[in-house]
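Colleague: Could we go through this chain together, starting from its overall layout and then turning to individual residues?

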Amino acid sequence: MKKLFVLVAALAVLAAACGTASTESTTTAPAATSTTGAPAPAELNGTWILVSVTLNTRMISVAEEFGANIELSNGTITGNGGCNSLSGTYTADANTIAVGALTMTEIGCPGALELETTFVGLLTRADSYSIENGVLILRAGTEELAFRRS
């Protein structure tokens with residue numbers, strides 16, 4: 001009985017140690033700037049939900065339940081690709097945007113990976129944007145991501 005108690009106590013200590021360890025680090029991203037050094041447009045700030053993807057002139061509607069979204073805030077971009085969380089930085093001016101390399105979690109989600117890969121690829125290739133009737137459109141050539149404000 002004493003051995004069982006010691007084993008249970010050791011497992012409890014081990015479990016507590018695993019639950020409190022953290023490898024997460026925090027950094028402060030610089031404010032978004034334009035190519036002229038001015039602050040990025042405040043109209044971009046906020047949470048945006050992906051509603052459609054346009055590839056080769058073919059628009060594909062995306063169900064809100066898929067969960068792909070971005071939050072833009074003064075040069076920092078965070079969000080979810082539909083499966084994995086993402087974070088990074090961006091720069092923007094009146095109609096151009098550049099998203100830097102993104103850090104992402106690596107959760108396997110069957111059925112979501114193809115759309116998430118397309119979403120993230122377009123996001124990092126986006127070179128211009130517009131906001132039309134409350135819809136944020138990020139463009140990479142003729143390909144587009146359309147978001148509605150959350």
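Predicted model: local features only at pLDDT ≥ 70, side-chain atom pairs only at ≥ 80, totals over all residues.

Colleague: What share of the chain's contacts with a separation of 6 or more comes from residues 24 or more positions apart?

Modeller: For context, 34% of the 150 residues count as buried, and the chain exposes about 9100 Å², of which carbon and sulfur atoms supply 59%. Among the contacts with a separation of 6 or more, the share that comes from residues 24 or more positions apart is 49%.

Colleague: Which strand pairs with strand 1 in the antiparallel sense?

Modeller: Strand 1 covers residues 46-55, and its antiparallel pairing runs over six bridges to a strand made of residues 143-149. Within this pairing, tryptophan 48 stands opposite arginine 149. The partner is therefore strand 10.

Colleague: Which glycine in the turn between strand 9 and strand 10 has a positive phi?

Modeller: Strand 9, residues 135-140, pairs with strand 10 in the antiparallel sense over six bridges, and isoleucine 137 has alanine 146 of strand 10 as its bridge partner. The two strands form a hairpin with two residues between them. In that turn, the residue with a positive phi of about 65 degrees is glycine 141.

Colleague: How far apart are the sulfur atoms of cysteine 83 and cysteine 109?

Modeller: A pair of cysteine sulfur atoms counts as a disulfide when they lie within 2.5 Å, and by this rule the count comes to one. The link of cysteine 83 and cysteine 109 is right-handed, with 70 degrees about the S-S bond. These two cysteines form the disulfide, and the distance between their sulfur atoms is 1.7 Å.

Colleague: How many residues apart in sequence are the parts that the pair of cysteine 83 and cysteine 109 ties together?

Modeller: Cysteine 83, at 12% relative accessibility, counts as buried, whereas cysteine 109 is partly exposed with a relative accessible area of 25%. Cysteine 83 lies in the loop between strand 4 (76-80) and strand 5 (85-92), and cysteine 109 in the loop between strand 7 (103-104) and helix 2 (113-125), so the parts tied together are apart in sequence by 26 residues.

Colleague: Is threonine 54 buried or exposed?

Modeller: Threonine 54 lies in strand 1. Leaving aside neighbours within four places in sequence, threonine 54 is in contact with Met59, Thr142, Glu143 and Glu144. Because the relative accessible area of threonine 54 is 12% and the cut-off is under 20%, threonine 54 is classed as buried.

Colleague: What is the relative accessible area of threonine 57?

Modeller: Threonine 57 is placed in the loop between strand 1 and strand 2 (58-61). Its phi is near 65 degrees, a positive value in a residue other than glycine. Threonine 57 is exposed, and its relative accessible area is 73%.

Colleague: What is the relative accessible area of asparagine 74?

Modeller: Asparagine 74 is found in the loop between strand 3 (69-73) and strand 4, and although it is not a glycine, asparagine 74 has a positive phi of about 50 degrees. This residue is partly exposed, and the relative accessible area of asparagine 74 is 47%.

Note on methods: Residues numbered from 1 in each chain as written. Heavy atoms only, no water. Helix = DSSP H or I, 4+ residues; strand = E, 2+ residues; numbered from the N terminus. Buried < 20%, exposed > 50% of the residue type's maximum accessible area, 1.4 Å probe, protein only. Contact = heavy atoms within 4.5 Å. Areas by Shrake-Rupley, 256 points an atom, 1.4 Å probe, with all protein chains shown as cover.
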